[in-house]
Amino acid sequence: MTASLDEYPQLIVELSGRSTPVKITEAAILVCLIILAFVGNVLVCIAVFKTAHLRTIPNVFITNLAVSDILMAIVCMPISLHVLISGKWPFSSSVCDMHGFFMFTFGIVSQVNVSVIAVNRYFALCRPFECKAIFTKINVLFMIAILWILPSVASVPPLVGWGYYAFHPGKAFCIYPFHVNLIYTTIVQLLFIAFPMGLVVFSYTNCILAVRSSNRQIAEMADDPTSVGQGSRKAREVRATWTMLFSTLGFSMCWLPVSVIDFIETSRGGGNLPRQVFMLNGFLIFFSSTINPFIYWLSNRDFRKAFREVIPFAFERNEIMMGEMPHSTQITAVQSLG
């Protein structure tokens, strides 16, 4: 079914009637988000590929998440930028179909990827022997493929008549209007939002409990020269888990308001909230693609060092201000978090 370009006539009028300062402000915000999302996530990919000790199973999923965010920055965001600058949808309905498909696909990939990272952390801390058996290189590549195939398949129905994609002037992109087919909407919400978030809550709840136990073991191993290697490995797993938890919290802080706004819009028939609320919705979706590199840099010493090696001039001053935390201090900090 062809995308609808006039689904929300009142919002179309409001988009075209914005004042010049509003146009400049909205466009400037999106330009900044595009640059941050692209540069930051490319930096993550380069850091993982160039740094041997970062080429781990968890970081394969981090790289996959970075790739989806890069694609969001180069495929979807520029079209939305054009909309904000021009004050209208200047493309065909076919482009709207493409835009809606990729917006939907990349968004679902990110959400499911976050849940798989959480499950990996659960197995790494709570069931380490099973983790080695499940998260092998072959299995992880298969998981990555599924992470892209399922969201892509889930984004096809609106293209073949089960609903449709539509230009949303309030959000400045094309997306599936959730109110037009409640059956499809319910299936998507359950499979790709509720279930993944349930896995995230279950996994990190158990991880936090396991971290408390691991902290005691790490402290004991630090005093035992024969167990220093094992204690160091446990400490790395704990640090990686906290990094992923912080990343998930940042992701959730963006997507929970988006889900609430979408739910309210769906319950009220679509398109009948203030345009500023919809614009916030769109910016939060795009902002979720920018924050992870900053979280890795702030919360993980290994990533911070890798970033410094990739572009030393950009991080030298920041690291002087922050200071490099010694290993023993990081363990103490993790213990205090637990």
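The structure holds one disulfide, where the term stands for a pair of cysteine sulfur atoms within 2.5 Å. Before I describe that bond, let me say that this is a predicted model, in which local features need pLDDT of at least 70 and side-chain atom pairs count only at pLDDT 80 or more, while totals for chains, interfaces and linings use all residues. Residues are numbered from 1 along each chain as its sequence is written, and side-chain values use heavy atoms, with hydrogens and water left out.

The disulfide is formed by Cys 96 and Cys 174, with their sulfur atoms 2.0 Å apart. The torsion about the S-S bond of Cys 96 and Cys 174 is about -115°, and the disulfide is therefore left-handed. This pair links distant parts of the chain, since Cys 96 sits in helix H4 (residues 93–126) and Cys 174 in strand S2, 78 residues apart; helices (H or I, at least four residues) and strands (E, at least two) are DSSP runs, numbered from the N terminus. Both Cys 96 and Cys 174 are buried, and by that I mean under 20% relative accessible area, with exposed being over 50% and partly exposed in between, for a 1.4 Å probe and protein chains only.

For the overall picture, the protein has 13 helices and two strands, and buried residues make up 50% of its 338 residues. Of the contacts in the protein with a separation of 6 or more, 76% are between residues 24 or more positions apart, a contact being heavy atoms within 4.5 Å.

Let me turn to the charged side chains. How many salt bridges does a search of the whole structure find? The search finds five, taking a salt bridge as a side-chain nitrogen of Lys or Arg within 4 Å of a carboxyl oxygen of Asp or Glu. As a general point, side chains of opposite charge can pair when their charged atoms come close.

Arg 18, Glu 26 and Arg 275 are linked in a network of salt bridges. Arg 275, like Glu 26, is buried.

Elsewhere, Lys 171 forms a salt bridge with Glu 265, and here the closest N and O atoms are 3.5 Å apart. Lys 171 lies in the loop between strand S1 (166–168) and strand S2 (173–175), and Glu 265 lies in helix H8 (residues 228–267), so the pair ties together parts that are 94 residues apart in sequence. Is Lys 171 buried or exposed? At 3% relative accessibility, Lys 171 counts as buried, and Glu 265 is buried too. Not counting residues up to four places away in sequence, Lys 171 touches Asp 262, Glu 265, Phe 278, Met 279, Asn 281 and Gly 282.

That list brings us to Asp 262, which is in helix H8 and counts as buried at 11% relative accessibility. Its side chain makes a polar contact with the side chain of Lys 171 at 3.0 Å; a polar contact is a pair of N or O atoms within 3.5 Å, where, within protein, one must be able to donate a hydrogen and the other to accept it, and residues adjacent in sequence count only if both atoms are side-chain atoms. Leaving aside neighbours within four places in sequence, Asp 262 is in contact with Lys 171, Phe 178 and Asn 281.

Phe 263 is in helix H8 as well, yet Phe 263 counts as exposed, at 60% relative accessibility. The C-alpha atoms of Phe 263 and Phe 178 are separated by 8.5 Å, although these residues are 85 residues apart along the chain.
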